Amino acid sequence: MSNKIYYKAIMILSISVFCIGAMPEISYGNDFLHNKSIIAIDNQEETKQENKKPIDYNKMCWNLQALYKNDAEWEKDLKKFTKDIKELKNYTGKITKSKTHLDFALEIKERLDIKLNKLGGYVKLKKDISKNSYKYLAMDEKLDNVYRDYRMVCSGLELEVLKLSDKEFKEISSSKKIKSKYNRYLSSIRSSKDYYLDQTSENILADVSKITSLPGYIYELFRNMDKKTNLNPSEYSQALESFDRNERKSAYQNEFVSYNDNINTLAGLLVGQVNKNIFYSTQRGYESSLDMYLKSDGVNTKVYDRLIETVSDNTSSLHKYISLRKKALNLDKVYYYDMFVPIVDSVDNSIGYEKAQGIIYSALAPLGKEYSDIVYKAFNERWIDVYSKDEKVSGAYCLSVYDAHPYILLNYGSNLSSVSTLAHELGHGVYSYMSAKNQNYYNSNPSIFTHEVASTTNEALLYEVLIKNATNDKEKAYYITQYLDLIKDTVFIQTMYAEFEKIIHEMMENGEVVNTLVLDDTWGKLLQKYYGKDYELDQLAKVGWSRIPHFYNSFYVYKYATGCSAGVAFAQDILKNGSDNYISFLKKGSSDSPTNLLKKAGVDLTSTQPIENTINKFDELVKELETIIVK
């Protein structure tokens, strides 16, 4: 993910939004959805027939016409945007003269932000399905240059708002219109009052952003253009799930060697990213890089620290799972490449995309008709780019554009893991869609912190429904393993990543030297801490840190862990009490702070209880799986 600031407004991975297309609204009742899905799960012959059908890739890729008809239209709109910046610039020095001046300036800025959201969304989507195209890299650079000019104008206007006394600010922002439309935006500016600099310094920081964004930019060039492996992302994922251990090991070595061969360069990039964070946090007067990033999320650093402490106190839960994996697979030791193969036979190795849609409809049926209608739109109005292609980036994300709709990137691999990823990204997409339909622009962009709640709620529902509807122990055991892996990967492993980030930032903030050897050693110790005595740490696994693109979107990964714990809590509540409370939460967008929105919906992430409850759920699943396996 790019480190450019404007992508924070448009991108999630998992992110944020909406004109509905011409497709008529069609919805199904819960009974129909349930029956459709059970057929899709159980009818193996149906799947075989589906997989024989030729795939019409033109129907399985994005339709970007809702954004721009072609690149020339994008270029034309960029030029217009450049000219329109001058309209906002005219308010420099005047924005706080009166309520009317403030209101007019904010209206112009809102219009420009929506347009920037659209411009950035289009080029991002085009670039990610044409990763070797220098054309879209150039368009991205062109937009970046325009953005820096725009950011300077905005910074100047925000500085004027910051200079107001509390009494003056209260008076000028007291109109009903400003309060309803712009209060959250203005409050976020005022909350950063202590960290803004003078105009000259702000301009300098804006100018150097082109340099400080280089680590993430170069890392993406390596990962998407220069890294050479024998397998594309979908093939690699499938190879790691193979029951042939030699196939798993070969795929693992091929992938990790491609990083290890460039490890010093990659270490230099990550150190550069940390230095960037230290530079900005120091210049602005934050206590630390972590403090800077979490304040931008509206989250207290205690949430981050308590997450690491709570999970660290419960690594024995993961150790038990690793031991069960070792026993079930009859392994001498568990290596990295043994962590993804199902520990019981899968009940379906070939889930076609049409079948995946049926499973999704059933799993998300407890969320109600309104939610299902939006999922239908996503499947039938080409919101999703489904299959892996040579020119397409790896991974998955949801990117939403305010005056269009969400776009979801997949590299669909015809397995349950891919179905889970689809559910995850639809969680982001529907959340963004509902937020925008019910909130104005500045209240419609949910924080990434709450976005990860929406995505993991869907995954938790998927596995809860699959486990409940399993017709025999074999099916049930398989679905339990998938639910376990969800919690393992999002709570335990993402917390390990979060701890790694915290360690290396603190080391460098304390003046310690961090290089390849230090990064490898730190990563290796954390692997041993989290995975336990039955995990065998080989030398190649120590370079695993170099494969995590989220480290260039710093202090992001903890949101997966907190999101999963909240998602598991919401899933239990939805299945027990219905979806009204949860749907209400989704529609509130960013109209309050993330922790307040969750607390009002019944999930208090300032306490350790949600994390502890999720770990308890993990323990229960491990015990249930072990009982089935030893029968």
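Reader: How many salt bridges does the structure hold?

Author: In this predicted model, the structure holds 41 salt bridges.

Reader: Why is the contact between the side chains of Arg111 and Glu87 called a salt bridge?

Author: The N to O distance for Arg111 and Glu87 is 2.8 Å, and because a salt bridge requires a side-chain nitrogen of Lys or Arg within 4 Å of a carboxyl oxygen of Asp or Glu, the pair qualifies. Arg111 belongs to helix α5 (residues 99-128) and Glu87 to helix α4 (residues 71-89), 24 residues apart, and the pair links distant parts of the chain.

Reader: Lys181 forms a salt bridge with Glu110; why is Glu110 called buried?

Author: The closest N and O atoms of Lys181 and Glu110 are 3.2 Å apart, and the pair ties together helix α8 (residues 176-191) and helix α5, in parts that are 71 residues apart in sequence. Glu110 has 9% relative accessibility, and buried means under 20%, so Glu110 counts as buried, whereas Lys181, at 23%, counts as partly exposed.

Reader: How do you know that Lys617 and Glu464 are buried?

Author: Lys617 has a relative accessible area of 17% and Glu464 has 14% relative accessibility, so each value falls under the 20% cut-off for buried. Their side chains meet in a salt bridge at 3.3 Å, N to O.

Methods. Residues are numbered from 1 along each chain as its sequence is written. This is a predicted model: local features need pLDDT of at least 70, side-chain atom pairs count only at pLDDT 80 or more; totals for chains, interfaces and linings use all residues. Side-chain values use heavy atoms; hydrogens and water are left out. Helices (H or I, at least four residues) and strands (E, at least two) are DSSP runs, numbered from the N terminus. Buried means under 20% relative accessible area, exposed over 50%, partly exposed in between (1.4 Å probe, protein chains only).
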